[in-house]
Amino acid sequence: MDLDDVQIMCRVQAGQVELFDVLVRRYRGPLLNVAWSKLADAAWAEDVVQETFLAAFAARATYNPRFAFRTWVWTILLNLCRRQWQRRQVRPGEHSLGTSLSAELTGYCEPVTHETALGHILQIERREQVHQLLTHLPEVQADALRLRFFGGLQFSEIALAMDSSVSAAKQRVKNGLVALADYVRQNGGDFP
Amino acid sequence: MNCDTAFDLMTDAAGSRSGALAQHFETCPRCRQMQETLAPALEFLTQDERADDFSARSGESPSSEAAGRQPIITIESLKIAHQAASRLAAQAELPRARRQRLAGQLTGYAAVFAAGLLVALSLVPERGSEKPMPTGQCTRQEAARDDSLRSADTIQALAQSCAVCHTATPAPVHDKQTSFFRSERSNTREWLAPYFREEFGPVDDPRCVAGSKRSAELTALNAICQRVQPSFGAKEMTA
């Protein structure tokens, strides 16, 4: 039986807490994508996502079926990422994208061949480029782009998660894309 | 498809390859130009999307590094969850409140419009008061019914007698401009002009409108002849 988010949360509120695991499996991937893009650190991203789910579970009594669970967790995630990012600014250099991703690679389960290793290096490089590019944008534009492209959210969901109107969410995505496109054109694919 | 939907598809990995979007680009140069402008960024953000998926790379389980740590939850994160729930619940209520507010606004606008309409109607000059009917009987309808009366003299007499009533107190132009309901025959003199040409004689026909031979009315009629179009050279009318 495939339950939707509202049904699961209502049952979790009623005591079937094990069903919350379904929601974790459902949203963990997109949340990790966005958190990693925002924090540029795989381990921190996992910590933040884990904390997001724990917070949602601990506050399950406050969930209301009038709003979507996914919007709720996205809102929590964005706020926790922002908090984590501020902490990181206070303690710069504790993590860096390269070192943490190298460490991440050691935990990768597939057999490492020349092809897969090269592919992952390229992925890491590109991920770093994306992160670097997004840091050139205002935070609200970068967050809107992350939610749209890495989280796969609809504009209405982005608006709710970022506490803005739908048109403002679209404008943020559009402005971010225009700025990003300009930057890509000017640098011809060479990024810092 | 409108341009708004096109932008939604443009920024969606699967939607950007849809045929509907391609069709829209053919008919909408603005969206096509937008797509060309954003192409480098879109390509950069969506290329090799699946391979870049963090969850696919790290699997369903936490990484070895994260697995070694104990799950933590802080008061701060719990507070964030509570605040987010409160805000989203409040926003879920917004559409209903917005509908009620909109209904109230529409009612207000309708009331203001109705009041404005009433004021405007009260400002429209009453036609009857500008063109008082003569004390005698108007022969216009009667003459129209009786073919035997339609000689040139009769027509002239009839028209001039009409002029006694209808142009004796011509409505000021600015009054007409304030009216919402302007008459096509706003200038009464124009349609009367042919009847004041020189070939028509003075009003001395006994069949003319009752009472039109009275000297006061004829004086008024002569004054009208001068006022309507002096170049017509209407003859002095005598009792």
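**Notebook: helix packing and cores**

I began with a pair of helices in chain A and noted that the crossing of α2(A) and α3(A) is right-handed. The model is a predicted one.

I then looked up the geometry of this pair. Helix α2 of chain A covers residues 20-39 and helix α3 of chain A covers residues 42-58. I read an angle of about 140° between them, and their axes are 8 Å apart. Angles over 145 degrees would count as roughly antiparallel, so at about 140° I have α2(A) and α3(A) down as oblique to each other.

Next I listed the residues that meet. From α2(A) I noted F20(A), V24(A), R28(A), L31(A), L32(A), A35(A), W36(A) and L39(A). On the α3(A) side I found, among them, A42(A), W44(A), A45(A), E46(A), V48(A) and T52(A). By class, the residues of this contact are 14 nonpolar, one polar and two charged.

I moved on to the cores. The largest nonpolar core has 60 residues. Those with the most contacts inside it include A35(A), A45(A) and V48(A), as well as W72(A) and V73(A). Another core, of five residues, lies apart from it; I noted A6(B), M10(B), L21(B) and C31(B) among its members.

I checked V73(A) separately. Leaving aside neighbours within four places in sequence, V73(A) is in contact with Y27(A), L31(A), T52(A) and A56(A).

Last, I took totals for chain A. I counted nine helices and zero strands. Of its 192 residues, 42% count as buried. Among contacts between residues at least 6 apart in sequence, 65% join residues at least 24 apart.

Definitions and conventions:
Residues are numbered from 1 along each chain as its sequence is written. Chains are lettered from A and ligands numbered from 1 in the order in which they are written. This is a predicted model: local features need pLDDT of at least 70, side-chain atom pairs count only at pLDDT 80 or more; totals for chains, interfaces and linings use all residues. A nonpolar core is a set of buried Ala, Val, Leu, Ile, Met, Phe, Trp, Tyr and Cys residues joined through C-beta atoms within 7 Å. A residue is buried if 20 or more other C-beta atoms lie within 10 Å of its own, exposed if 12 or fewer, and partly exposed in between; C-beta atoms are placed from the backbone. Two residues are in contact if their C-beta atoms, placed from the backbone, lie within 7 Å. Axes are lines fitted to C-alpha atoms, for helices over the stretch in contact, and angles run from 0 to 180 degrees between N-to-C directions. Helices (H or I, at least four residues) and strands (E, at least two) are DSSP runs, numbered from the N terminus. Angles under 35 degrees count as roughly parallel, over 145 as roughly antiparallel, 65 to 115 as roughly perpendicular and the rest as oblique. A crossing is left-handed if the near helix is turned anticlockwise from the far one by less than a right angle, and right-handed if clockwise. Ala, Val, Leu, Ile, Met, Phe, Trp, Tyr, Cys and Pro count as nonpolar, Asp, Glu, Lys and Arg as charged, and the others, Gly among them, as polar.
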